[in-house]
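Biologist: I would like to learn how to read a model like this one, feature by feature. Could you take me through it?

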Amino acid sequence: MTVSVVLFTSDLRLHDNPTLHAALSGADEVVPLFVLDEAIASAGFAAPNRRAFLADCLTDLDAGLRERGGRLVVRTGDVVARAREVAAEAGADEVRTAGGVSRYAQRREERLRRGLESDGRRLRVHDATLTALPPGAVTPNGSDHFAVFTPYFRRWSRERPRDVLAAPRTVPVPATIGSDRVPARADTAGVSEGLAEGGEKAGRKRFAAWKRSGLAAYEDGHDDLAGDMTSRLSPHLHFGTLSPTELVVRARRAGGAGAEAFVRQLCWRDFHHQVLAARPDASAADYRTKHDSWRSEESAGAEIEAWKAGRTGYPVVDAAMRQLRHEGWMHNRGRLLTASFLTKTLYVDWRVGARHFLELLVDGDIANNQLNWQWMAGTGTDSRPNRVLNPVVQGRRFDPEGRYVRRWVPELSGLAGSAVHEPWRLPEAERAEYDYPDPLVELAEGRDRFLRAREKG
Ligand SMILES: Cc1cc2nc3c(=O)[nH]c(=O)nc-3n(C[C@H](O)[C@H](O)[C@H](O)COP(=O)(O)OP(=O)(O)OC[C@H]3O[C@@H](n4cnc5c(N)ncnc54)[C@H](O)[C@@H]3O)c2cc1C
């Protein structure tokens with residue numbers, strides 16, 4: 001009897017899971033293992049929204065495995081120690097896992113490989129699990145990764161994705177392996193009120209519904225803040241309850257301009273993953289430094305708090321920051337303009353903003369979050385690092401009727417149309433009726449401070 005341990009990480013699904021598929025093809029039995037990793041919790045990365053969503057994912061994965069005659073084995077503690085322990089208990093020859101890109105994932109893999117080898121076991125890593133194309137699968141001449149998106153997209157688009165794998169019919173799990181309790185969403189306090197539901201079933205349902213009703217309009221509608229027309233699949237991609245390869249294949253099969261634009265966004269995700277895989281230090285250090293002397297939590301404390309609370313006096317910025325707190329998710333256009341506001345208009349260190357996003361985002365992801373923050377801060381891969389987004393212009397353009405602002409900033413709901421983007425223009429007496437702050441800083445002043453700092457850098 002041969003046994004293989006499948007160590008799940010960010011691939012919490014049964015459909016199109018190359019790691020699980022390979023284990024089932026090569027062994028008589030498998031142990032589907034998830035370790036509640038104490039190192040992630042103590043590093044502060046297990047934010048309540050992600051912990052709650054993860055609990056949904058594990059509950060659903062366990063249910064899916066049970067429908068196939070198996071079950072999920074959950075352990076708690078150090079991931080390497082627990083995986084070695086379970087492999088020994090099961091008499092497994094090997095542990096299989098998906099290849100990750102963050103520094104933490106790379107170290108985990110290395111520690112696991114060494115530990116298992118010293119136990120006389122093997123680690124097998126499956127790279128085409130978390131991204132549509134494995135990081136490093138395409139590289140430019142003379143470098144280990146693409147630093148510019150457009151040439152990456154061109155090369156990426158020419159590659160044929162691997163075949164999409166069906167969910168297994170049965171998953172035989174050895175009866176003797178014990179499990180801790182599968183966590184429940186209710187175990188976690190401090191969760192955003194509007195947090196989405198996790199799990200593979202919820203993810204597949206969401207994709208099927210959005211493919212029918214949203215995909216065709218995606219190209220034209222993806223920047224419409226009030227229309228909320230994007231897929232909202234990011235948490236499912238982060239936890240791997242949906243496979244990026246399957247999404248690319250199924251969107252291409254549906255065809256059309258909307259599908260093409262959606263696939264391009266999935267390529268952005270792969271792009272950031274391949275940058276981080278090659279430069280794991282970009283999670284904390286500038287990818288391309290501009291020698292900034294950023295303002296910090298000490299020097300700009302009150303402004304940072306106003307930004308976090310959605311009280312900057314710029315309605316579209318405040319609307320987006322409040323959406324983040326309420327849902328644990330924010331529209332991409334909101335992420336762009338709130339990040340520009342913090343790093344450029346307020347000239348605050350991008351790491352302060354990235355940390356706040358990671359405290360709340362259900363899709364909070366080292367590759368996508370840190371590298372998008374760097375993009376907006378102009379220390380990343382953007383070829384126009386000094387561009388500053390003007391929140392009034394952004395509001396008028398992407399929320400022309402002001403509906404997004406009125407949804408999230410109810411104090412301003414009495415203001416009609418796009419006037420909601422500039423409450424300071426109201427006559428003094430009328431302005432006084434609204435319990436809403438004055439702008440934190442003049443936009444031109446903030447912009448000048450940033451550009452002057454960059455000239456010096
Ligand atoms: C400052 C900032 C921080 C961000 N932090 C995160 C994060 O922590 N996690 C995260 O998944 N995304 C992050 N993004 C990228 C993007 O905003 C979200 O992926 C997107 O808003 C999720 O909504 P959706 O699933 O409806 O996206 P859709 O528009 O439907 O796009 C489909 C998928 O493509 C991928 N995608 C879309 N845009 C990007 C992008 N710019 N970079 C990388 N992948 C992308 C996502 O996986 C997304 O689910 C960030 C963007 C910015 C500007």
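Biologist: How far apart do the C-alpha centres of domain 2 and domain 3 lie?

Modeller: Please keep in mind that this is a predicted model. The C-alpha centres of domain 2 and domain 3 are separated by 26 Å. For orientation, the domain assignment gives domain 1 as 3–127, domain 2 as 131–162 + 200–278, and domain 3 as 301–456.

Biologist: And how many residues of domain 2 and domain 3 are in contact?

Modeller: The size of an interface is often given as the accessible area lost when the parts come together. Here we can go by contacts: 18 residues of domain 2 meet 19 residues of domain 3. On the side of domain 2 that touches domain 3, helix 9 (234–239) and helix 11 (257–278) are the elements that give two or more residues. Helix 11 provides the largest share of that side, with five residues. Sorted by class, that side of domain 2 has eight nonpolar, five polar and five charged residues.

Biologist: Let us turn to the ligand. Which residues are the closest to the ligand?

Modeller: The closest are T230, S231, N332, N369 and N372, out of 28 residues that surround the ligand. The elements that give two or more residues to this shell are helix 9, helix 11, helix 14 (332–345) and helix 16 (366–377). Helix 11 gives the most, with six residues. The classes in the shell are eleven nonpolar, twelve polar and five charged residues.

Biologist: Why does the ligand lie between domain 2 and domain 3?

Modeller: Look at who supplies the shell. Domain 2 and domain 3 both give residues to the shell around the ligand, so the ligand lies between them.

Biologist: Now the start of the chain. Which feature does UniProt place at residues 2–131?

Modeller: The UniProt record, an unreviewed entry, places "domain: Photolyase/cryptochrome alpha/beta" there. In the model, residues 2–131 are 48% helix and 22% strand, with the end C-alpha atoms 29 Å apart.

Biologist: Which residues of helix 1 are buried, and what covers them?

Modeller: Helix 1 (residues 18–26) has T19, L20, H21, A23 and L24 as its buried residues. Their cover includes strand 1 (3–7), strand 2 (29–37), strand 4 (94–98) and strand 5 (122–126).

Biologist: Which residues of the largest nonpolar core touch the most other members?

Modeller: Those are V5, V6, V31, L33, L58, A83 and V95, in a core of 113 residues. Take V95 as a case: leaving out residues up to four places away in sequence, V95 touches V5, L7, A83, A87, L112, L116, R121 and L123.

Biologist: How should I read backbone angles? Which value does phi of D16 take?

Modeller: Most residues other than glycine have a negative phi, and most peptide bonds are trans. D16, though not a glycine, has a positive phi near 45 degrees. D16 sits in the loop between strand 1 and helix 1, and D16 is buried because 23 other C-beta atoms lie within 10 Å. R232 is another case, with a positive phi of about 55 degrees. The loop between helix 8 (218–221) and helix 9 holds R232. With 18 other C-beta atoms within 10 Å, R232 is partly exposed.

Biologist: Is V317 buried or exposed?

Modeller: V317 is buried, as 29 other C-beta atoms lie within 10 Å. V317 belongs to helix 13 (residues 315–327). Setting aside neighbours within four places in sequence, V317 contacts T312, L337, T338, F341 and P391.

Biologist: How far apart in space are T59 and R185?

Modeller: T59 and R185 are 126 residues apart in sequence and 9.0 Å apart in space, C-alpha to C-alpha. T59 lies in helix 3 (residues 48–67) and touches V182, A184 and G199, not counting residues up to four places away in sequence. For another pair, K456 and W329 are 127 residues apart in sequence and 36 Å apart in space, C-alpha to C-alpha. K456 is in helix 20 (residues 443–456), and K456 counts as exposed because it has 9 C-beta neighbours inside 10 Å.

Note on methods. Residues numbered from 1 in each chain as written. Predicted model: local features only at pLDDT ≥ 70, side-chain atom pairs only at ≥ 80, totals over all residues. Domains from an automatic or database assignment. Contact = placed C-beta atoms within 7 Å. Helix = DSSP H or I, 4+ residues; strand = E, 2+ residues; numbered from the N terminus. Nonpolar A, V, L, I, M, F, W, Y, C, P; charged D, E, K, R; others polar. UniProt positions renumbered as here; feature names shortened; annotations may be inferred. Near = placed C-beta within 6 Å. Buried ≥ 20, exposed ≤ 12 C-beta atoms within 10 Å, placed from the backbone. Core = buried A, V, L, I, M, F, W, Y, C linked by C-beta atoms within 7 Å.
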